[in-house]
Amino acid sequence: VAQYELNQLLRRIRRLNPGEDIYSSIETFLKQHVVFPKAQRMSTLLNLDLKERVKDKNGKHIRAFASEMILLVVGIGMWCCIFLTPNNLLQVEVWCFELLGRIVYILRMGPQAVKKALLLQRLIVEHQKLLLRLYPIEAKPKVHYLLHIPGCLHRFGVNLGCFVTER
């Protein structure tokens, strides 16, 4: 879900100022301001090259591994809050992406996510509505499957992550 949404968000950001190399600006920001404990070597960010990874077409997703997507959801979310939000640019797109960031944050909480099942449900429902409105072509089955995660958390009392198998 994040790969499709991020790809389309970056395409819309680029269209704001077509003459500017926005991808390089975002990469520079990430390398200077985003520090993640498990990515201390910064190899993920050093080899980012958004220009090569973003697909300039509807229905396509950015090429990135799960670990890279976690970095990008947080880092590009910060970039949006600093550069787009104060200028009232792409407000709905940024809000949708912020919701995605909150969803990812809760899901990465491990066992603590179980306590947040109701909040997670509200975030996922709101995110899905916006995502379907903004990017209808990107609404793949996983967007629907997200709706079932909070119920499973509540019903089984366990946060089953598939990050290891995704890797």
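Me: Leu90 first: buried or exposed?
Reply: Buried. This is a predicted model, and in it Leu90 has 16% relative accessibility. The cut-off for buried is under 20%, so Leu90 qualifies.

Me: Where does Leu90 sit?
Reply: In the loop between H5 and H6.

Me: What about the phi of Leu90?
Reply: Positive, about 50°. Leu90 is not a glycine.

Me: And Asn88, where is that?
Reply: Asn88 is in the loop between H5 and helix H6, which covers 91-107.

Me: Is Asn88 buried or exposed?
Reply: Exposed. Its relative accessibility is 54%.

Me: Switching to Cys81. Which helix is it in?
Reply: Helix H5, residues 66-83.

Me: How exposed is Cys81?
Reply: Partly exposed. Its relative accessible area is 38%. That value lies between the 20% and 50% cut-offs, so Cys81 counts as neither buried nor exposed.

Me: Which residues does Cys81 contact, leaving aside neighbours within four places in sequence?
Reply: Pro86 and Glu98.

Me: How far is Cys81 from Trp95?
Reply: In space, 9.5 Å, C-alpha to C-alpha. In sequence, Cys81 and Trp95 are 14 residues apart.

Methods
Residues numbered from 1 in each chain as written. Predicted model: local features only at pLDDT ≥ 70, side-chain atom pairs only at ≥ 80, totals over all residues. Heavy atoms only, no water. Helix = DSSP H or I, 4+ residues; strand = E, 2+ residues; numbered from the N terminus. Buried < 20%, exposed > 50% of the residue type's maximum accessible area, 1.4 Å probe, protein only. Contact = heavy atoms within 4.5 Å.
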